[in-house]
Amino acid sequence: MKRVKNIWESFLTNSIKSRKKENNWRTRNSIQMKSSTKIIFKNQEYISFSGNDYLGLSFNEDVKNAWKAGINQYGNGSSSSGHIVGYSEVHRTLEEKLSQWLGYQEALLFSSGYMANQSIVFSLMKKRDSIFADKMSHASFTEASMLSQANFKRFAHNCISSLHLLLKKHSGKKNLVFTEGVFSMDGDFASLKLIHEESKNHNAYLMVDDAHGIGLFGEEGKGSCNVFQIHPEILMIGFGKSFGICGAAILCSSKMKNYLLNYSRSLIYSTMMPPSQAVALLESLRQIKRSNNLRKKLKINVEFFKKMTKDSQISFLSNFSESGIQPIIVGDNQKCLELSKFLFQNNIWVQAIRPPTVPFGTSRLRIVITANHTFDEIKKLVYSLRDFFDQNEYKK
Ligand SMILES: Cc1ncc(COP(=O)(O)O)c(C=O)c1O
């Protein structure tokens, strides 16, 4: 028995040691969100440039009131999986509204984007099938792909010729191509038109994860696919970002929905999201459709940030994008932590993002500009970044 205990102890100790040695140790801080851009931590106020609440809906009064009204009407939880008694009228209404909005036959709700992505892979992709995903795809999808029995290959980021070679080699098989619409760590758009064409040419299904595009781009915030005028066979949208809540939906055909209802273990064996959350999500959806002003404000804020950082060391290290995600690629883990700490001392909260979340050697500050930031807050961020780079000369 003692030996077994030692095996466990040394496993934990060595794993912790190795993370610490790489300056890759992760901790959490228990904070309080005061508004969509303000954090209170140990009685100090910080401007947050780390959250994904792009439109500020997490603090929207109408959404809050909808959730409260939902609790009064339906209670706190759903009590079981949707296949038992967890699926209510309001879940159905939300699915119908989402599918009408995005032009799909059906929508299926999930408790998280992580579960939705895993569910697609595990229920649909079998032994002789192939999954081809962009190299920068989210861990929820790539992890499931690696664990699945399907053949899994990544194509170079946004590179159509790399995807072409994979599809050509595996032509005539059941292939799934996967990409994000807006990439979570770089904020750039996928070349959706070309990826869709390439997939169609080889009879592969395309799945787009638009967690960071939905609500923010295209007509009525319909997302990246609307911008590029494509209709992938499978679309995943997340509710943890622009919707200001959490959860996700898969948009697909009726046949696909029926298949998933029968084969997706995360639907069958997991408790349905609370009906009150579906009520709140319906209100978020209503807000998103009519939020052209917030989308415009987000764009103005992003342009302001870029203008402020132009011709400085900051722009040299940045991968500027069209979205609210504006990474500053520092490279080295330790240097990235130093920059994050420097900003923290100036009451600015930007988390350092390190491997394996991003590729080795590309540790970064993932700055998120939202519609609710003020120009003064963005100026404060840029002046602090400038101060840091004036004191520390970094090369990309
Ligand atoms: C691109 C992308 N897909 C999926 C997820 C997972 O979504 P959720 O947070 O709803 O589990 C995230 C992140 O949170 C993401 O950034």
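The structure is a predicted model, so local features need pLDDT of at least 70 and side-chain atom pairs count only at pLDDT 80 or more, while totals for chains, interfaces and linings use all residues. Residues are numbered from 1 along each chain as its sequence is written, and side-chain values use heavy atoms, with hydrogens and water left out.

The UniProt record, an unreviewed entry, puts the feature "domain: Aminotransferase class I/classII large" at residues 45–383; UniProt positions follow the numbering used here, feature names are shortened, and annotations may be inferred rather than shown by experiment. Across residues 45–383 the chain comes out at 45% helix and 17% strand, with the end C-alpha atoms 18 Å apart. Helices (H or I, at least four residues) and strands (E, at least two) are DSSP runs, numbered from the N terminus.

Helix α5 covers residues 113–124. With 12 residues at 1.5 Å each, α5 should span 16 Å, and its end C-alpha atoms are 17 Å apart, which agrees; the expected span is 1.5 Å times one less than the number of residues. Nine of the 12 residues in α5 are buried, that is, under 20% relative accessible area with a 1.4 Å probe and protein chains only (exposed is over 50%, partly exposed in between). Among the buried ones are G113, N117, I120 and L124. S112 caps the N-terminal end of α5, with a side-chain oxygen 3.4 Å from the backbone nitrogen of Y114. That is a polar contact: a pair of N or O atoms within 3.5 Å, where within protein one must be able to donate a hydrogen and the other to accept it, and residues adjacent in sequence count only if both atoms are side-chain atoms.

Now for the ligand. It is surrounded by 13 residues, the closest being G113, Y114, D209, H212 and K241, counting any residue with a heavy atom within 4 Å. The largest share of this shell, three residues, comes from α5. A backbone N or O atom of G113 sits 2.7 Å from a ligand oxygen. From the side chains, a polar atom of H212 lies 2.7 Å from an oxygen atom of the ligand, and an N or O atom of K241 is 2.6 Å from a ligand oxygen.

S148 counts as buried because its relative accessibility is 12%. A polar side-chain atom of S148 is 3.2 Å from the backbone nitrogen of A150.
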